[in-house]
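Colleague: I have a model open and would like to go through the labels on it with you. Could you tell me what stands behind each one?

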Amino acid sequence: MSEPLLEVRDLATHFAARRPAFAWKRPAAIRAVDGVSFEVPRGGSLGLVGESGCGKTTTARTILGLEPATSGSIRFDGVELTELPPRGWMPVRRRLQMVFQDPFDSLDPRQTVSQIVREPLQIHGIGDRRQRLGRAIRLLEAVGLGARHLNRYPHEFSGGQRQRIGIARALALEPDLVVCDEPVSSLDLSIQAQVINLLNDLRRDLGLAYLVISHDLGVIRQLCDHVAVMYLGRIVEFSSCEELFGAPRHPYTEALLSAVPVHDPDVEAARRRIVLAGDPPSPAHPPSGCPFHPRCHRRDEVPGDRCSEETPVLAPIPGVPEHACACHLTGST
């Protein structure tokens, strides 16, 4: 098998908590990402899904070098990113780009569309002025806009059009991997469908690989080949999209899927909705044992106090080697 484009092993990103005034003891570190491992193959697409605060975006920002990794390994096409000096990131930036969540805040309101799309080319010294302009026009046409939009400013566009501009900017340097952080969460449903179709078309035509961050399993299902479910900084289930949606194994994944609406009203009425009790624990003070056990609706199925005392590891499910789960119900130890 060929080497994966992106390989993440035991990645941890911890933040030092601010010590309150007059407190003699330093508070515990915030364990935003706590031992995450996954791979993204060339031309493949992986989704990271979970509740807000589970560590999805911090994982993406650490991979991109926007947050320092506390420990672990991030290898991009054989290059160890955690050991790169600041200047060593320049060639990597050309191949590793990001589409941000908010299509308005991520665009400079003082720049025209032409300046926004040409800026990465200027920073990396690619082409002359005429060549950059020509590439900007081709990129805008690729995302459904055109030359007539070059001299307009971000506030003159709708949310979907602004996200298309952000995608064009991310593609300017011809990257191999694009990190999409909630790429459609701030858009209307009809516009979401347009942007999702655009991302799928670009992946097919350009051979891109995607790392998609989302809390919406419906978006993940349409964009990704595989999905990793995160909870409290850890991956608790990993599988192909088809297998995960057809046979989820972790109780947290079951709860997430039960919240996804079904278009058939008869099926929706007959479904069991799983409502999780309480709020997610603080990443500064994670619970002992399984991090999900205080909210788990299937905890009573595991004998004794194993859930609260023993932390399950992410391990393949017997008979389904491509489906891994970190739960005592599946036999992980």
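Predicted model: local features only at pLDDT ≥ 70, side-chain atom pairs only at ≥ 80, totals over all residues.

Colleague: What makes E51 and R295 a salt bridge?

Modeller: The term asks for a side-chain nitrogen of Lys or Arg within 4 Å of a carboxyl oxygen of Asp or Glu. The closest N and O atoms of E51 and R295 are 3.1 Å apart, so the pair meets that definition. E51 sits in the loop between strand 3 (45-49) and helix 1, and R295 in the loop between helix 10 (265-270) and helix 11 (306-309), so the bridge ties together parts that are 244 residues apart in sequence. Helices (H or I, at least four residues) and strands (E, at least two) are DSSP runs, numbered from the N terminus.

Colleague: Why is R295 called buried, and what is E51 called?

Modeller: Buried means under 20% relative accessible area, exposed means over 50%, and partly exposed is in between, with a 1.4 Å probe and protein chains only. R295 has 7% relative accessibility, so R295 counts as buried. E51, at 24%, counts as partly exposed.

Colleague: How do you know that R203 and D225 form a salt bridge?

Modeller: Their closest N and O atoms are 2.4 Å apart. This pair links distant parts of the chain, with R203 in helix 6 and D225 in the loop between helix 7 and strand 9 (226-231), 22 residues apart. R203 has a relative accessible area of 16% and is therefore buried, whereas D225, at 33%, counts as partly exposed.

Colleague: Is R110, which pairs with D108, buried or exposed?

Modeller: R110 has a relative accessible area of 70%, so R110 is exposed. D108 is partly exposed, at 25%. Their side chains meet at 3.4 Å, N to O. There is also a network of salt bridges, which links R42, D77, R95 and D176.

Colleague: Why is helix 1 described as largely enclosed?

Modeller: Six of the eight residues of helix 1 (residues 56-63) are buried, so the rest of the structure largely encloses this helix. The buried ones are K56, T58, T59, A60, T62 and I63. After helix 1 comes G65, with a positive phi near 80°.

Colleague: Why does V113 count as buried?

Modeller: V113 has 1% relative accessibility, so V113 counts as buried. The residue lies in helix 3 (residues 113-123). Neighbours within four places in sequence aside, V113 is in contact (heavy atoms within 4.5 Å) with L140, H149, L150, R152, F157 and I165. The C-alpha atoms of V113 and Y153 are separated by 6.0 Å, although these residues are 40 apart along the chain.

Colleague: What makes one space a pocket and another a cavity?

Modeller: On a 1 Å grid over the protein atoms alone, a cavity is a set of points where a 1.4 Å probe fits but cannot get out, while a pocket is an open set with protein on both sides within 12 Å along at least five of seven lines; lining residues have an atom within 4 Å of a point. Grid points are joined across faces, edges and corners, and a volume is the space filled by probe spheres set on the points. The largest pocket has a volume of about 780 Å³. Of its 30 lining residues, the closest to the centre are D216, L217, G218, V260 and P261. Helix 7 gives the largest share of the lining, five residues.

Colleague: And how many cavities of 30 Å³ or more are there?

Modeller: The search of the whole structure finds three. The largest cavity has a volume of about 70 Å³. Of the 14 residues lining the largest cavity, P251, C290, C296, C307 and C327 are the closest to its centre. The second largest cavity, of about 50 Å³, is lined by R31, D34, L232, R234, P283, P286 and P291.

Terms used. Residues numbered from 1 in each chain as written. Heavy atoms only, no water.
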